[in-house]
Every structure is written in C-alpha cells, then in structure tokens.
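The tour below goes stop by stop.

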Amino acid sequence: MKSFFDASALVPLLILELHSKGAVEAWRETEVGYAWTWARVEVEAALIRRKVAPQCWSEWRGLDSKVRWLHAPTDFIDQICQFNRALGLRAADAGQLLVFERSTRAIEELKLVTFAREMHAAASRLQLSVQ
Amino acid sequence: MKVKVGDLKTHLSRYLRTVDETGLTLEVCVRDETVAYLVPANAKGASVQDADRKLRQHLSDVNLRWDPAGSALVAEFNPHPVMAGDGRPDVVTTDAMRSASNW
C-alpha cells in the first residue's frame, strides 16, 4: 500500500498515545510512505512538547529516513489559501490536505493516514482516499 | 541494504515485496556478518530508476518535488511507540498542538 502520512499519524509511531495502535498498523501495511516536509516541523514540535527521551529522537531519525518527503514550492501559501477557502481548515490541516490531494494526482492508489478529525472529514468530503 | 536474519524471519513477506517492488538486493546478516543475498527474480528492479524519474515528473506536473535519497524502505523501520516524558498516553499531540491558540 502507498500511504501519505499526516504528522498526526507519524507522531503516534514514536510516542504512545491514543492512535498509536492504528498508526503502527497503517505503517506495517505500507510499502511506500510519503509525507509533506512540513510534517517534520510538527513531529519535532510534538517530541519537544511531550518531553521525550533521547532514544525517541533516535527513533525519529530512523523513521525520518524511511519516508519519501515531498517538497512544496515557495508560492505554496497562496495555493493553500485558495484551496482552503471552501474548507476553512486549520492551517496545518489545510496544507497537509492540499499536498495529499496533489499527490494523488501523481501517485496512483495513494491513501491518506491521518488522525486529525477535521482533516479526515474534509478528505472524505473531497472524496479522497483515507485509510 | 542489510537485514538481520531475525528481522527477515519476522517480516519475510514485507521484505519479499520490497525486493520485488524496488529491485534492491538484501544482504542477510548474522551477527553483523553477511551470509547471504536475497536478489530480485525478475527485471522489475532494473526499471526502478525509470519509475523514480517518472514519479518525479508526475509530481512536478502537480507542483511538488521529491528528491530520492537512500533506500527509504518502510520495512526497515519497526515502530515501537514509547511513553512520553509527561507520562500521558491519552492525548493526540498533533491535534492538541494544532488547536492551541499559541501554536
């Protein structure tokens, strides 16, 4: 399976939280994992806020190296604003969802893995494939 | 790509799929010593670079970019989430961060 991981699905791979079981299952079913580079900022913010042990940072480096990171162009903010006018999502949700939506046009059978409720609902409204 | 024999036994199906999909050769190691190679049976692997090039073109068409680096094989990372320093397993960190007014 080809999966696009939102930060909400990467963090529980490292920290034990409500959706860890689901995230691990999704990771184990995945053959190729994609994510937007912005998720790196969010994952590291989560590790700092949750005061994780150094071992967890080491795990993060291992995970980081196994993801295919997708880069967005510098004028991406304008595109996110336009995309989000009909959705009204939080900024990070909107950015992640737009990168996923674009990715599905380039990568066949790509599925979104997210545990952010608003993003999940918006993806379903847009009839995007969600895990 | 190196793989420990224990990992190979546990995740054999995934590693076989990886070899088939990527065309990479696996080095099977026992105590850090390479004892065998697991190689793809068909020529699918030969077209991996071509597939990567096509993927990059498709992504470029939708204004995204991907720079292939390393093996990026999902099967090589086996997640084991650990308790955070604050000892709370009952939260969704990303959702909490995105909802915080000072995020």
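How many residues does the contact take from chain B, and how many from chain A? Chain B gives 33 residues and chain A gives 48 residues. Two residues are in contact if their C-beta atoms, placed from the backbone, lie within 7 Å.

Before selecting anything else, note that this is a predicted model: local features need pLDDT of at least 70, side-chain atom pairs count only at pLDDT 80 or more, and totals for chains, interfaces and linings use all residues. Residues are numbered from 1 along each chain as its sequence is written, while chains are lettered from A and ligands numbered from 1 in the order in which they are written.

**Stop 1: the chain B side of the contact**

Select α2 (12–22), α3 (48–61), β4 (65–66) and α4 (93–99) of chain B. Each supplies at least two residues of the side that touches chain A. Helices (H or I, at least four residues) and strands (E, at least two) are DSSP runs, numbered from the N terminus. The largest share, five residues, comes from α4(B). Now colour this side of chain B by class: 18 residues are nonpolar, six are polar and nine are charged. Here Ala, Val, Leu, Ile, Met, Phe, Trp, Tyr, Cys and Pro count as nonpolar, Asp, Glu, Lys and Arg as charged, and the others, Gly among them, as polar.

**Stop 2: the sheet across both chains**

Select β3 (residues 68–71) of chain A with β4(B). They pair in the antiparallel sense over two bridges. Two strands pair if DSSP finds at least two bridges between them. Zoom in on A:His71, which stands opposite B:Arg65 in β4(B).

Next take β1 (residues 2–5) and β2 (residues 32–36) of chain A: they run parallel, joined by three bridges. There A:Lys2 stands opposite A:Val32.

**Stop 3: chain B on its own**

Chain B has four helices and four strands, in the pattern β-α-α-β-β-α-β-α along the sequence. Of its 103 residues, 17% count as buried. A residue is buried if 20 or more other C-beta atoms lie within 10 Å of its own, exposed if 12 or fewer, and partly exposed in between, with C-beta atoms placed from the backbone.

Pick α3(B). One of its 14 residues is buried, so this helix lies largely in the open. Just after α3(B), B:Asn63 takes a positive phi of about 70 degrees.

Move to β2 (residues 26–30) and β3 (residues 33–38) of chain B. Five bridges pair them in the antiparallel sense. B:Val30 has B:Glu33 as its bridge partner. Two residues lie between the strands of this hairpin, where B:Arg31 takes a positive phi near 50 degrees.

**Stop 4: covered parts of chain A**

Bring chain A back. Which helix is mostly covered, with eight of its eight residues buried? Select α1 (residues 7–14) of chain A. Its buried residues include A:Ala7, A:Leu10 and A:Leu14.

Finish at A:Ala122, in α7 (residues 117–125) of chain A. It counts as buried, with 22 C-beta neighbours inside 10 Å. A:Ala122 touches A:Leu87, A:Leu89 and A:Leu97, not counting residues up to four places away in sequence. Draw a distance from A:Ala122 to A:Leu87: their C-alpha atoms are separated by 7.0 Å, at 35 residues apart along the chain.
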